[in-house]
Amino acid sequence: MTYIRITKLFSFETGHALYGYDGKCKNVHGHSYKLSVTVFGKPISDKNNVKYGMVIDFGDLKKIVKEEIVNVFDHATVFNKNTPHVELAKELEDRGHNVLLVDYQPTSEMMVIDFAKKIMKRLPEHITLHSLKLQETDSSYAEWYANDNL
């Protein structure tokens, strides 16, 4: 049976600030992110399997990505917890805001690496994460490919 790539697109709204950055992105701001998740595998060939003909049920992929990424990052503000932004995060949390503190600078590049790790842990054994594309704006995005990270 032939290998197939399956892609599902997700959207979420997230704020962030880049501590120590020398441009506008040092300020707290937000993006309407679009995340494309592409997995790789063979369609199920067992005709008695309810998922016959599917690499992975789009609903199963959606569940993984929503639980690991979308439900966590949507309408949250992300800060690097190893910077003085932790003080701003505490202030926002005290005022009822959804704040995420991460171990990295919350750039698209670092976020897509984090997302890849989280998604790979949840995929069935016979499915491989092929690539992720995290689009920050209409003209700016970061991509992660499994083949580049062997």
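Modeller: Buried means under 20% relative accessible area, exposed over 50%, and partly exposed in between, using a 1.4 Å probe and protein chains only. This is a predicted model, in which local features need pLDDT of at least 70, side-chain atom pairs count only at pLDDT 80 or more, and totals for chains, interfaces and linings use all residues. Residues are numbered from 1 along each chain as its sequence is written, and side-chain values use heavy atoms, leaving out hydrogens and water.

Biologist: What percentage of the 150 residues in the chain is buried?

Modeller: Along the principal axes, the C-alpha atoms of the chain fill a box of roughly 55 × 30 × 25 Å. Of the 150 residues in the chain, the buried part is 41%.

Biologist: In what order do the elements run from the N terminus?

Modeller: Helices (H or I, at least four residues) and strands (E, at least two) are DSSP runs, numbered from the N terminus. The chain has three helices and six strands. From the N terminus on, their order is β-β-α-β-α-β-α-β-β.

Biologist: Which residues of α1 are buried?

Modeller: An α-helix has 3.6 residues a turn, so residues three or four places apart point the same way. Helix α1 covers residues 58-73. Its buried residues are L61, I64, V65, I69, V70 and F73.

Biologist: What do the buried residues of α1 pack against?

Modeller: Packing is judged by contact, meaning heavy atoms within 4.5 Å. The partners of these buried residues are β1 (4-16), β2 (29-41), β3 (76-80), β4 (99-102) and α3.

Biologist: How many residues in the contact of α1 with α3 are nonpolar, polar and charged?

Modeller: The axes of α1 and α3 (residues 108-122) come within 9 Å and cross at roughly 145°; axes are lines fitted to C-alpha atoms, for helices over the stretch in contact, with angles from 0 to 180 degrees between N-to-C directions. Residues K63, I64, V65, E67, E68, I69 and F73 of α1 meet M111, D114, F115, K118, I119 and R122 of α3. Ala, Val, Leu, Ile, Met, Phe, Trp, Tyr, Cys and Pro count as nonpolar, Asp, Glu, Lys and Arg as charged, and the others, Gly among them, as polar. The contact residues divide into seven nonpolar, no polar and six charged.

Biologist: What is the phi of H75?

Modeller: H75 sits in the loop between α1 and β3. H75 counts as exposed because its relative accessibility is 58%. Its phi is positive in a residue other than glycine, with a value near 55°.

Biologist: Is L129 buried or exposed?

Modeller: L129 is in strand β5 (residues 128-137). Beyond its neighbours within four places in sequence, L129 is in contact with V37, T38, V39, A116, I119, M120, L123, W144 and A146. Its relative accessible area is 2%, so L129 is buried.

Biologist: Which residues is L9 in contact with, leaving aside neighbours within four places in sequence?

Modeller: L9 lies in strand β1. With a relative accessible area of 51%, L9 is exposed. Its C-alpha atom is separated by 16 Å from that of V72, 63 residues apart along the chain. Leaving aside neighbours within four places in sequence, the contacts of L9 are K34, L35 and S36.
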